[in-house]
Amino acid sequence: QRQMCIRDRLSGQYLGNSVVLERLSIDQRDGELGLVLGGSVEDLDTDTPLVFAALTWQGLRWPLAGGSPDVESPQGALRVSGSMDDYALELALDLAGAAVPQGSWKATGKGTQTQLELDSLSGQLLEGEIQLTGLVGWDPAPRWQLQIAGNDLNPEALVAELPGKLTAQLSTHGEIDSDEQLLAHFTVEKVHGQLAGYPLSISGAGMVVGDTVQLSSLQLDSGRNGVSATGQLSAEALDLDWDLRALAPGELLAGASGRISGRGKLTGNNESPRFGAKIIGEELQLDTLQATSLTLDIAAGMQATDALELQLAIGQVSEAGSALLQSLTIDARGSNADHQINLKLDTGSEQLATNLRGGLAESLDTWTGLVTSLMATSSEFGSWKLNQQSQLELSAASAHLGDSCLDRIDGSGQVCAG
């Protein structure tokens with residue numbers, strides 16, 4: 001167990017109208033922590049005595065003992081001068097922690113008993129620099145008005161999968177009211193640069209009221225691709241509208257081309273979100289696989305009783321110039337636990353139409369139900385029809401079809417499986 005001791009006795013002088021603190025030092029026995037305080041208090045006979053103080057430290061951490069600290073400052077210095085109604089401060093320190101990227105910080109400002117005006121707060125961290133200016137107050141209520149600028153920031157130290165170099169300019173103002181509710185306005189004027197090898201640009205504005213985030217605008221772009229959003233988010237209610245455009249998907253995924261656009265809405269709450277979307281794709285290609293068109297309309301949720309509506313239509317599909325499909329359509333209606341699916345497929349020489357009835361498990365990872373009807377037509381093998389309903393179970397890892405038989409319509413013959 002670490003112990004604290006005062007290595008040097010308090011050394012100072014009382015001079016009638018002033019007090020001089022020549023030195024007060026505090027050290028840990030193991031020598032890791034060291035604090036040194038010196039200064040003076042003058043004009044003691046007035047209502048606004050003047051304070052001149054300097055504090056230096058090394059090995060400062062919290063908690064003081066134990067394993068890895070939540071936050072630590074290997075070294076730093078603080079100077080304060082003036083009265084409680086009009087003082088100036090200078091701060092310089094190294095800072096790091098479990099949730100704090102390692103960096104060196106410097107600050108200058110002036111304040112009163114109710115607020116502190118930051119002339120400059122700068123941090124050298126994440127391979128770049130952050131600058132803050134503005135006002136922080138605490139009486140009659142906590143409040144702030146800040147401008148924040150960042151240059152050449154690399155978030156890789158925070159998220160290893162996201163190396164980059166970003167420039168940012170933001171502003172925020174707000175307060176915590178008498179009911180301890182947060183009210184914060186924010187503006188993201190720009191975040192610009194490279195992230196994980198891709199160009200990135202972000203702008204937006206909104207506010208936070210309690211635990212609710214209200215987005216008046218959010219725009220995220222990467223080259224000619226982007227997404228925008230407006231609405232509000234909280235644990236109790238989700239209400240977010242979004243728009244998507246991908247005019248150059250190859251900038252995000254190698255080998256991709258075409259045009260994708262879409263819009264949708266997120267509703268419900270954190271425990272039971274619902275989403276709706278309409279996506280349109282034109283002249284899509286991934287490597288040698290091509291599709292002339294794609295349209296997706298979907299409205300769904302995460303609970304068993306949530307309504308499910310899905311319409312998917314895909315146009316001509318080819319692989320390296322060879323036709324695979326003329327068209328594919330899927331229509332699903334009902335709820336997650338109980339719905340019907342109609343599927344139609346046309347390759348030009350073969351056609352397939354089937355109807356399924358079933359539902360998803362509560363985990364949403366397994367579909368169980370019946371193949372209620374199926375018709376298949378082939379220019380080479382003729383026309384076939386399912387003669388009775390069949391059990392079907394599908395998951396990402398497996399597929400199981402119960403006993404099934406197809407009877408030939410335009411001739412004799414039967415094919416069975418299961």
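Q: Which strand holds Tyr198?
A: Strands (E, at least two residues) are DSSP runs, numbered from the N terminus. Tyr198 sits in strand 14, residues 198–209. This is a predicted model: local features need pLDDT of at least 70, side-chain atom pairs count only at pLDDT 80 or more, and totals for chains, interfaces and linings use all residues. Residues are numbered from 1 along each chain as its sequence is written, and side-chain values use heavy atoms, leaving out hydrogens and water.

Q: Why does Tyr198 count as partly exposed?
A: Buried means under 20% relative accessible area, exposed over 50%, partly exposed in between (1.4 Å probe, protein chains only). Tyr198 counts as partly exposed because its relative accessibility is 35%.

Q: Which residues touch the most other members of the largest nonpolar core?
A: In soluble globular proteins, nonpolar side chains tend to be buried together. A nonpolar core is a set of buried Ala, Val, Leu, Ile, Met, Phe, Trp, Tyr and Cys residues joined through side-chain atoms within 4.5 Å. Here the largest core has 18 residues, and Ile314 and Leu356 touch the most other members. Strands 20 (289–301), 21 (307–314), 24 (327–335) and 27 (366–378) each supply at least two of its residues. Strand 21 gives the largest share, four residues.

Q: Where is another core?
A: It lies apart from the largest one and has 15 residues, among them Trp105, Leu121, Leu126 and Leu153.

Q: How do strands 31 and 32 run, parallel or antiparallel?
A: Two strands pair if DSSP finds at least two bridges between them. Strand 31 (residues 404–408) and strand 32 (residues 414–417) are antiparallel, joined by four bridges. Cys405 stands opposite Cys416 in strand 32. The two strands form a hairpin with five residues between them. In the turn, Gly413 has a positive phi of about 145°.
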